Amino acid sequence: MKTPKDLSPQSVRQIEDTVRTDFRHAMSYGGYLDLDRLLTAQHPLSEPEHHDELLFIIQHQTSELWLKLVLHELLEARRLLDAENLGKALKCIARVKAIQRTMTEQWSVLGTLTPREYAEFRGFLGSSSGFQSYQYRCVEFLLGNKNPGMLRVFESDPKAHALLSTLLDEPTLYDAFLALLGRAGYDIPAEVLERDVSEPWTFHENLVPVFQKIYESDNTPWGLYEACEDFVDIEDNFHAWRFRHLRAVQRTIGFKVGTGGSSGVDFLKRALDLTFFPELYAVRTEIGSTQRP
C-alpha cells in the first residue's frame, strides 16, 4: 500500500540540462512573438479603470488577429484556385473553417460580461464600434457581400480604404471557384464569368443545374464536391458567428443604439439574411428530383 509520502508530487521539477536559459544573443519566445508590443497594446480608457474593460479589449483584439489570418488564408485560397491547385486551396479553406469555430466560441467569454459591468465603461468607447472593423469588411468583400458605400466608413484610414477598394474591384473566392469549374468543362454561363465583380453577388438560377450535376454525378472529382460543401460550411459558420454576436449584444445592451450609430440588435438581425453562396443552398431542393435513366 502506498503511503501519503509516496503519493505526494515532486516539490520541484528539475530543468533539463539541454534547455536553453541564456537569451542574451539568441531569439527567445517573447522576442519572436513581439510580446512586449502585443501585451502592452491594451489601453483601457475608463476612469477609474474598470476591471472588465480589459476583457472587452482583448476579446476584440483577439478577433482582429483571427480575422487577419482568415483574410490571409482566403487570399491564398483564391490565388491557388486561379493556379488550378484545388487541393491546397481546400487546405486553406479548412483552416478558415477551424478559425470560424474558434471565433464563434469566443462569444461565450464576452458573455461573462454583465449589462451592469459593461454600462460602467461603455461610455468611454466613444463612437468606436466593431462596425468599423475593416478586416471584417475585407472578409465579407472576398466572400461576395460587397458594398461600395461601406468605403465611406474608412475614408479617414487610407490603408484600410485602399485595401477595401482593391478587394471591391477584384474577383471573390466564389468567382475564382466558378472560373475553375468553367475551365474544368462545366457549363458556367458567360454572364457569370464576365460579371462586374465589384457588384455584390446575386442569385444566378442558371448555376443551379451545374451544381446539381456536380452533386449527382458519380464522375464528379471528389475535390469539386468537397469544395462545394466547404463553401456551405463557411456560410453556415458565418451565420453561427453572426447569431452569437447578435445574442451577445442583446444580452449585454438590450436594444440600445450601437456605439457606432447603428440600430444595434435590429441591424445585426438584418445581417442574418445575408447569403454568400445562394446557389449551393438552392441546389439542395433539386438534388434527387430527376429520375436517373
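Start by selecting Glu-76 and Arg-79: both sit in helix α4 (residues 53-82), 3 residues apart, or about one turn of the helix. Show their side chains and you'll find a salt bridge, 2.8 Å from N to O. Keep in mind as you click around that this is a predicted model. Glu-76 is partly exposed, with 28% relative accessibility, and Arg-79 is partly exposed too, at 46%.

Next, pick Asp-230 and Lys-97. Their side chains also form a salt bridge, with 2.8 Å between N and O. Asp-230 belongs to helix α12 (residues 222-253) and Lys-97 to helix α5 (residues 86-110), so this pair ties together parts that are 133 residues apart in sequence. Is Asp-230 buried or exposed? It counts as buried because its relative accessibility is 6%, under the 20% cut-off. Lys-97, at 12%, is buried as well.

One more pair is worth a click: Asp-22 and Arg-24. The side chains meet in a salt bridge at 2.6 Å, N to O. Asp-22 is partly exposed, at 33% relative accessibility, while Arg-24 is exposed, at 68%. How many salt bridges does the model have? The count comes to 13.

Leu-33 is in helix α2 (residues 29-33) and is partly exposed, with a relative accessibility of 36%.

Helices α2 and α3 (35-38) each contribute at least two of the lining residues. Colour the lining by class and you get 5 nonpolar residues, 1 charged and no polar ones. The space inside comes to about 240 Å³.

For the last stop, jump to Arg-152, in the loop between α7 (134-143) and α8 (158-168). Arg-152 is exposed, with a relative accessible area of 61%.

Methods:
Residues are numbered from 1 along each chain as its sequence is written. This is a predicted model: local features need pLDDT of at least 70, side-chain atom pairs count only at pLDDT 80 or more; totals for chains, interfaces and linings use all residues. Side-chain values use heavy atoms; hydrogens and water are left out. Helices (H or I, at least four residues) and strands (E, at least two) are DSSP runs, numbered from the N terminus. Buried means under 20% relative accessible area, exposed over 50%, partly exposed in between (1.4 Å probe, protein chains only). On a 1 Å grid over the protein atoms alone, a cavity is a set of points where a 1.4 Å probe fits but cannot get out, and a pocket is an open set with protein on both sides within 12 Å along at least five of seven lines; lining residues have an atom within 4 Å of a point. Grid points are joined across faces, edges and corners, and a volume is the space filled by probe spheres set on the points. Ala, Val, Leu, Ile, Met, Phe, Trp, Tyr, Cys and Pro count as nonpolar, Asp, Glu, Lys and Arg as charged, and the others, Gly among them, as polar. A salt bridge is a side-chain nitrogen of Lys or Arg within 4 Å of a carboxyl oxygen of Asp or Glu.
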